[in-house]
Amino acid sequence: MKKHNFNAGPSILPREVIENTAKAILDYNGSGLSLMEISHRAKDFQPVVDEAVALFKELLNIPDDYSVIFLGGGASLEFCMIPYNFLEKKAAYLNTGTWAKKAMKEAKAFGEVVEVASSADANYTFVPKDYTIPADADYFHITTNNTIFGTELKQDLDSPVPVVADMSSDIFSRPVDVSKYICIYGGAQKNLAPAGVTFVIVKNDALGKVSRYIPTMLNYQTHVDNGSMFNTPPVVPIYAAMLTLRWIKEQGGVKEMERRAIEKADMLYGEIDRNKLFVGTAAVEDRSRMNICFVMKPEYKELEADFLKFAIDRGMVGIKGHRSVGGFRASCYNALPKESVQALIDCMQEFEKLH
Ligand SMILES: *Cc1c(COP(=O)(O)O)cnc(C)c1O
């Protein structure tokens with residue numbers, strides 16, 4: 001049976017990326033050696049990092065005075081590296097979910113943290129809009145897509161202070177005006193690569209402004225200066241990321257990814273709104289295109305486990321909702337074909353007929 005992969009992360013990647021990574025693991029560039037058993041400084045690996053950086057810059061139209069670096073540690077390590085590198089006195093955070101809250105917790109160890117707004121009381125079903133960013137904050141931190149709660153900030157905000165964004169789960173799903181940020185980061189395992197690599201886009205002149213000592217490995221400058229080669233980078237995930245970036249370019253770039261994301265999200269939200277059994281959990285205007293969360297309407301609540309089984313039996317993978325929301329979550333990342341969304345919709349319609 002065909003599987004439809006709605007996993008939230010790690011998640012679906014283009015089939016050709018997986019096949020070509022597998023080939024490189026068996027025999028890298030006809031060298032008779034595996035990608036896993038060559039030096040990261042080998043002359044035929046350096047072009048991979050260079051191409052990945054160049055594609056990042058090209059696809060997101062990144063201005064020249066920014067660097068792109070690849071690190072380990074996941075987005076979770078960035079929660080600490082961001083304040084380490086940018087927080088001198090005060091930082092502002094928008095609390096839109098579990099990941100935003102974790103980012104805020106780390107920052108508190110480095111200075112004053114102002115929570116400008118929070119939707120915690122509403123179980124993060126919306127993205128707050130009315131708030132004031134303190135003009136004396138060193139930066140304003142946002143999470144553009146709230147993977148767990150299914151809300152998304154789909155525009156680049158205007159802010160009186162530099163913006164830092166966690167884009168783990170919506171990077172490359174829309175064009176971004178990078179010049180509005182000093183730093184954009186994310187774990188690659190949602191929309192780009194297998195787990196193990198973190199991407200960081202950083203404005204060069206935003207570095208070096210804090211007075212504290214920054215441990216070498218946690219200092220962005222170290223990795224900028226060494227082109228992500230200060231220590232051994234995650235070679236295989238970087239290779240896969242490079243292939244995904246090539247794939248995005250071949251498909252028509254981020255504008256085309258956005259078009260597809262809107263098309264898929266409109267299809268699925270359309271069915272959620274039409275179907276008598278289901279209801280979406282996120283405020284309509286903040287609905288994520290990447291992680292689509294829905295539950296059974298209260299009067300059909302007892303059917304939740306039945307629908308989950310019904311869908312799994314028909315090849316749906318990873319649609320069980322996160323425990324903090326319940327119900328269902330269909331993650332519709334770039335590599336998920338429209339046909340998979342249609343297959344889920346068919347399931348929802350068939351199940352509706354039975355009840
Ligand atoms: C998954 C996720 C994280 C955590 O990423 P790790 O790489 O596992 O540390 C952080 N932020 C967002 C928005 C995420 O979706």
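This section describes the fold, the strand pairing and selected local features of a predicted model of a protein chain.

The secondary structure of the chain comprises nine helices and 14 strands. Its radius of gyration is 21 Å, close to the 20 Å that the globule rule gives for 355 residues, so the chain is as compact as a globular protein of that length. The C-alpha trace extends over about 60 × 55 × 30 Å along its principal axes. Of the 355 residues, 56% are buried, and the accessible surface amounts to about 14800 Å², with 52% of that area belonging to carbon and sulfur atoms. When contacts between residues at least 6 apart in sequence are considered, 66% of them join residues at least 24 apart. The charged side chains number 40 positive and 45 negative, and the centres of these two sets lie 3 Å apart.

Strand 10 is in turn joined to strand 2 (residues 66-71) by six bridges, the two strands running antiparallel, and Val 200 of strand 10 is the bridge partner of Ile 69. Five of the six residues of strand 10 are buried, so this strand is largely enclosed by the rest of the structure.

A further set of pairings involves strand 12 (residues 291-296), which is mostly covered, six of its six residues being buried. Strand 12 runs antiparallel to strand 11 (residues 278-280), to which it is joined by three bridges, and Phe 294 of strand 12 stands opposite Gly 280. Strand 12 also pairs with strand 14 (residues 328-331), in the antiparallel sense and over four bridges, and in that pairing the bridge partner of Asn 291 is Ser 331 of strand 14.

Backbone geometry was examined next. Most residues other than glycine have a negative phi, and most peptide bonds are trans. In the model, however, a cis peptide bond joins Gly 9 and Pro 10, with an omega of about -10°, and Pro 10 is located in the loop between strand 1 (4-5) and helix 1 (15-26). Asn 29, although not a glycine, has a positive phi of about 55°; this residue lies in the loop between helix 1 and helix 2 (46-60) and is exposed, with a relative accessible area of 56%. A positive phi of about 55° is likewise found at Tyr 124, which is not a glycine. Tyr 124 is placed in the loop between strand 4 (112-118) and strand 5, and its relative accessibility of 7% means that it counts as buried.

Two helical residues were considered individually. Thr 222 belongs to helix 5 (residues 220-225) and has a relative accessible area of 10%, under the 20% limit, so it is classed as buried. Apart from its neighbours within four places in sequence, Thr 222 is in contact with Thr 216 and Phe 230. Glu 263, in helix 7 (residues 253-274), is partly exposed, because its relative accessible area of 27% falls between the 20% and 50% limits. Glu 263 and Lys 338 are 75 residues apart in sequence, whereas their C-alpha atoms are 8.1 Å apart in space.

Terms used. Residues numbered from 1 in each chain as written. Predicted model: local features only at pLDDT ≥ 70, side-chain atom pairs only at ≥ 80, totals over all residues. Heavy atoms only, no water. Rg over C-alpha atoms; globule rule 2.2 N^0.38 Å. Buried < 20%, exposed > 50% of the residue type's maximum accessible area, 1.4 Å probe, protein only. Contact = heavy atoms within 4.5 Å. Areas by Shrake-Rupley, 256 points an atom, 1.4 Å probe, with all protein chains shown as cover. Lys, Arg positive; Asp, Glu negative; His and termini not counted. Charge placed at Lys NZ, Arg CZ, Asp CG, Glu CD. Pairing = 2+ DSSP bridges.
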